[in-house]
Amino acid sequence: MLTGIQRVVNENIFSDLNNVEIYDLSSIPYSQYFGFTVSETKQILKDFDLKFDNKVKEMYDGYHIGNSDVYNPWSILKYTKSRELGYYWVNTSSNTMIKNAIEKSDIFFKKDFESLIHDGYLNTDLNLGTSFYETNNTSTLWGLFVNAGYLTIAKKLGLDEYCLKIPNNEVIKEFKSLVASYLNISSKLLDNLAKSLLNEDQILFF
């Protein structure tokens, strides 16, 4: 049964779907099956005569699920086919759902979102078991970000509190689009602005 990235909802206590074991992205059982492990990735790339190096790691690694570190399987397979490092994950679907969710968020989420962009990580309450569109709050929205692959759990801090981070360079590219949408500017303008700041170029953008 394919369900997508949000949990199937039990309608009521008399539902035909009940007493289900839930294994989410923080669970240890089956955690290695959410992606390719390091050893699997090394073997796959070796079979295709491709190097396993820091460039591959920075682009496709970074996901921590349960007690396993895994690589994005879609991107690794696309890389073996094209033999070029590329942004494959961001082309699998539209980010409209995430953008719409951000628009529906409250001031507390927006403040945390800005902290995440500034610091590269965020300590926050996280709810992976409830759909954001079923229960609209900050913890379920961060759960949507994790379930959708935009963020990964770096560390568990408490019962429902986690340290979240952007997993890799491939996802950072997608975050540029989200930030541009959040600031109501184009992605190209944001890229040019970032480059100008790094190069200390005094250019006015309109």
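Helices (H or I, at least four residues) and strands (E, at least two) are taken here as DSSP runs, numbered from the N terminus. The model is a predicted one, in which local features need pLDDT of at least 70 and side-chain atom pairs count only at pLDDT 80 or more, while totals for chains, interfaces and linings use all residues. Residues are numbered from 1 along each chain as its sequence is written, and side-chain values use heavy atoms, with hydrogens and water left out.

Begin in the loop between H3 and H4, where Arg83 is found. Arg83 is not a glycine, yet its phi is positive, at about 65 degrees; with a relative accessible area of 42%, Arg83 is partly exposed (buried means under 20%, exposed over 50% and partly exposed in between, with a 1.4 Å probe and protein chains only). Most residues other than glycine have a negative phi. Select next Tyr30, in the segment before strand S1 (36–37), which also has a positive phi, near 70 degrees, and is partly exposed, with a relative accessible area of 47%.

Now display helix H1 (residues 38–47) together with helix H3 (residues 73–82), which pack at an angle of about 15 degrees with their axes 10 Å apart. Axes are lines fitted to C-alpha atoms, for helices over the stretch in contact, and angles run from 0 to 180 degrees between N-to-C directions. That angle makes H1 roughly parallel to H3, a term for angles under 35 degrees. To see the contact (heavy atoms within 4.5 Å), select Thr41, Ile44 and Leu45 on H1 and Ile76, Tyr79 and Thr80 on H3.

The next selection is Phe113, Trp142, Phe145, Leu151 and Phe175, which touch the most other members among the 32 residues of the largest nonpolar core. Such a core is a set of buried Ala, Val, Leu, Ile, Met, Phe, Trp, Tyr and Cys residues joined through side-chain atoms within 4.5 Å. At least two of its residues are supplied by each of strand S2 (63–65), helix H4 (96–104), helix H5 (107–119), helix H6 (138–147), strand S6 (161–165) and helix H7 (169–183), and the largest share, five residues, comes from H6.

Centre the view on Phe113, which, leaving aside neighbours within four places in sequence, is in contact with Ile102, Trp142, Phe145, Phe175, Leu178, Val179 and Tyr182. Finish at a second, separate core of eleven residues, which includes Phe36, Ile44, Leu50 and Met59.

Definitions and conventions:
Angles under 35 degrees count as roughly parallel, over 145 as roughly antiparallel, 65 to 115 as roughly perpendicular and the rest as oblique.
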